[in-house]
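Subject: Structure handover

Hello,

Here is the structure I promised you. Please open it alongside this message; my notes follow below.

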Amino acid sequence: IGAMAYIEEGFTGLGVFLYGLIEIALMVAIMRPLEKYFPLEQWSNRSSTRVDVIYTLLTRLGVLPLIFFFMLLPVESSISAWLRLHDVIPKNLEDFFPALFSLPLVSFCIYLIILDFSEYLRHRLQHRLNVWWALHSLHHSQRAMSYWTDDRNHLLDELIRDLWVAMVALLIGVPPGQFVFLIILMRMVESFSHANVPFTFGRIGEKILVSPHYHRIHHAINIEQSGKKHGCNFAVLFPLWD
């Protein structure tokens, strides 16, 4: 049917699907028991999380990325052609600091910090700009917050998020192999931060990594009554930015 031209994209898409399966399996295996035995809120049933489950399946199994891919393929092809024509090759950290070639774990952590800071800025803008908040407010509409809630996002908001992360990763030259695991790690931590558990990481830990307790404050419905018009606790992974 003439589809062999997309064999490389198909291979990549299958990888996204398989990684998504692994993510979901880990979420259910680790976070579901925690919510069952250490719930912060007691629910009579979990029916209110069903919509969030659908959002998660669409996002993490690659359905939405696949749709976005075909929508943006002409744009991506034009940009790639222009970059090749002008010999524009994004440099990565290893090009500036050759010593990092032998320290992949260090470069991975540096990329993680940079990407997390960019996500923090994006999150602040989602709450600051009214047009963007009109999309992001869907994420905050859930009243029974669980580890599934992380992917409860407007489709256009999800597209903007994917483009944002991809552009930042391209600009700083994140290697494709590391990019996959960076995204998986960030999404797993984000899922846990939405979990229906009362966990904190202690006085010191709360300043190092976002906990479910820390992020639940961000989702508080009476946040404006406390004088924080645009919200608080915007950090995705590292509270340092807040």
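The accessible surface of the protein chain is about 14200 Å². Carbon and sulfur atoms make up 72% of that surface. Please keep in mind that this is a predicted model.

**Overall**

The protein chain has 10 helices and 0 strands. Its pattern along the sequence is therefore simple to write, given that helices and strands are DSSP runs: α-α-α-α-α-α-α-α-α-α.

The C-alpha trace spans about 55 × 45 × 35 Å along its principal axes. The radius of gyration is 19 Å. A compact globule of 242 residues would have one near 18 Å, so the two agree. Of the 242 residues, 40% count as buried.

Contacts across the sequence come next. Take those with a separation of 6 or more: 70% of them join residues 24 or more positions apart.

On charge, the chain carries 19 positive and 21 negative charges. Their mean positions lie 9 Å apart.

**Helix α8**

Helix α8 covers residues 176–193, which is 18 residues. From first C-alpha to last, α8 reaches 26 Å, close to the 26 Å expected at 1.5 Å a residue.

Which residues of α8 are buried? They are Gln178, Leu182, Ile183, Ile184, Met186, Arg187, Met188, Val189, Glu190, Ser191, Phe192 and Ser193. Note that the list includes Arg187 and Glu190.

Val197 sits in the loop between α8 and α9 (202–205). Is Val197 buried or exposed? Its relative accessibility is 1%, so Val197 counts as buried. Setting aside neighbours within four places in sequence, Val197 is in contact with Leu34, Glu35, Phe38, Leu40 and Pro212. Met145 is 52 residues from Val197 in sequence, and the two are 9.7 Å apart, C-alpha to C-alpha.

Leu40 belongs to another loop, the one between α1 and α2. With a relative accessible area of 41%, Leu40 is partly exposed. Not counting residues up to four places away, Leu40 touches Asn196, Val197, Pro198 and Arg216.

**Gln126**

Gln126 is in helix α5. At 3% relative accessibility, Gln126 is buried. What does Gln126 contact, leaving aside neighbours within four places in sequence? The partners are Trp132, Trp133, His136 and Asp157. Phe234 is 108 residues from Gln126 along the chain, and their C-alpha atoms are 9.9 Å apart.

**Asn233**

One backbone detail is worth a look. Asn233 has a positive phi of about 50°, although Asn233 is not a glycine. Asn233 lies in the segment after α10. The relative accessible area of Asn233 is 14%. Buried means under 20%, so Asn233 falls in that class.

Best regards

Conventions:
Residues numbered from 1 in each chain as written. Predicted model: local features only at pLDDT ≥ 70, side-chain atom pairs only at ≥ 80, totals over all residues. Heavy atoms only, no water. Helix = DSSP H or I, 4+ residues; strand = E, 2+ residues; numbered from the N terminus. Rg over C-alpha atoms; globule rule 2.2 N^0.38 Å. Buried < 20%, exposed > 50% of the residue type's maximum accessible area, 1.4 Å probe, protein only. Contact = heavy atoms within 4.5 Å. Areas by Shrake-Rupley, 256 points an atom, 1.4 Å probe, with all protein chains shown as cover. Lys, Arg positive; Asp, Glu negative; His and termini not counted. Charge placed at Lys NZ, Arg CZ, Asp CG, Glu CD. Expected span 1.5 Å × (residues − 1).
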